[in-house]
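Hi,

Here is the structure I said I would pass on to you. Have a look at it first, and then read my notes below.

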Amino acid sequence: MTKQEVVDHLYGLDDELLFAKSEQVKSLNIGSKVYLRGLIEISNICIKDCLYCGIRKSNSNVDRYQLTFKEVCQSIDFAIGKNFGSVVIQAGERSDEAFILLIKRCLKYAKEKSEGRMGITLSLGEQEQSVYDLWKNEGAHRYLLRIESSSNEIYNKIHPEGYSWNARLEAIERLRKAGYQVGTGVMIGLPFQTIDDLADDLLFMQRLDIDMCGMGPYIEHFDTPLSKFESQFTHKERVALTLRMIALLRILMPKINIASTTALQTLDNQGFKKGLTVGANIMMPNITPDVARKNYNLYQNKPYSTIDLSQFDVAYGEWGDSIHYSLKSF
Ligand code: SAH
């Protein structure tokens, strides 16, 4: 697909055709099953100050928490009990020794308790090579680190001075070096962002040859500096754009894992389902203990409720690794 074709489809040239094609590419290449990753939001403490994020360190309206080791174990047990196949451990960014070791302990527990059967994805921000290696050796095998925008210029506008797009990209390279299945992604409908930028985001992910993608609409959080800037896209348009982005990425990268994200579900109560219909194959039901869930507010109106899984064709007990990655390794 040329960039112009991608741009045309992002403008909504022919959604019916696009979604028919992406559905066909998906079923031919990876089938129609939905793979689950139980999402454990282990802490909202963060050393970063990203201008869009509700749990940025300068937001003093946040009740900060860190789950205890025991609470994380309970969430892991829950995922094992529900036969989820995989969990994602996510948090604000931290690089202190106590945190690194807590993650290590949790990984060890998940592996032992599930007798090696639990697949584990991490989403814990930018870390040193030695930390990525340590967690990989303890059994994590996938890592999500969104580039947020493939445009260096937009990246600089949505982060405080001194944050570097290149540093983020280098962290992605370190993850690859450590041997993870690597996932990245972007926010869709950011202030300053255009359709042309979104087309570039898709081509960037293709060029980077990623194994997994999580992308969703940008949603304002009113306690953040970025919420003072307007996006050119309404919430409704961001939903439409997200669906087109998922469909286009599925066509560009037929065998990668693509998540239907919570942010999409937040702006459209059929969002999960729509994302899966147009090309996504991964869902991350929140299994964070109730006591903490309300405090992991990346954006406004993030849902706390548990999703009804009976409406989906779920592959229980399977890792659902990126086929794209498996093929690369041989
Ligand atoms: N600290 C980790 C995890 C961050 S939270 C890291 O740095 O990777 C996971 C993702 O939530 C972020 O990568 C970002 O893309 C998304 N996010 C944060 N604030 C958001 C907002 N206001 N709207 C939509 N998505 C947001």
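This is a predicted model: local features need pLDDT of at least 70, side-chain atom pairs count only at pLDDT 80 or more; totals for chains, interfaces and linings use all residues.

**The ligand**

There are 19 residues around the ligand, and those that come nearest are Tyr52, Ala91, Arg146, Glu148 and Ile219. Tyr52 uses its backbone here: one of its backbone N or O atoms is 3.0 Å from a ligand nitrogen atom. Ala91 also has a backbone N or O atom lying 3.0 Å from a nitrogen atom of the ligand. With Arg146 it is the side chain that matters for this list, as an N or O atom in it sits 2.8 Å from an oxygen atom of the ligand. On its own the ligand would expose 550 Å², and the protein buries 92% of that.

**Helix α3**

Next, have a look at α3, which runs over residues 69-81. This helix has 13 residues and reaches 18 Å from its first C-alpha to its last, close to the 18 Å expected at 1.5 Å a residue. Which residues of α3 are buried? They are Val72, Cys73, Ser75, Ile76 and Ala79. These five cover an arc of only 160° around the axis, so they end up on the same side of α3. Lys70 and Gly81, on the other side of the helix, are exposed.

What do the buried residues of α3 pack against? Their partners are the strands β2 (38-43) and β3 (86-91), plus the helix α4 (97-113). After α3 comes Asn83, with a positive phi near 60°.

Glu41 is buried, at a relative accessible area of 1%. Setting aside neighbours within four places in sequence, Glu41 is in contact with Tyr65, Leu67, Gln90, Asn286, Thr288, Arg293, Tyr296 and Lys302.

The other one is Val6, in helix α1 (residues 3-10). Its relative accessible area is 0%, so Val6 counts as buried. Not counting residues up to four places away in sequence, Val6 touches Met1, Ala199, Leu202 and Leu248.

Cheers

Key. Residues are numbered from 1 along each chain as its sequence is written. Side-chain values use heavy atoms; hydrogens and water are left out. Helices (H or I, at least four residues) and strands (E, at least two) are DSSP runs, numbered from the N terminus. The expected span of a helix is 1.5 Å times one less than its number of residues. Buried means under 20% relative accessible area, exposed over 50%, partly exposed in between (1.4 Å probe, protein chains only). The arc is that of the directions from the helix axis to the C-beta atoms. Contact means heavy atoms within 4.5 Å. A residue is near a molecule or strand if one of its heavy atoms lies within 4 Å of it. A polar contact is a pair of N or O atoms within 3.5 Å; within protein, one must be able to donate a hydrogen and the other to accept it, and residues adjacent in sequence count only if both atoms are side-chain atoms. Accessible areas come from the Shrake-Rupley method with a 1.4 Å probe; for residues, only the protein chains shown count as cover.
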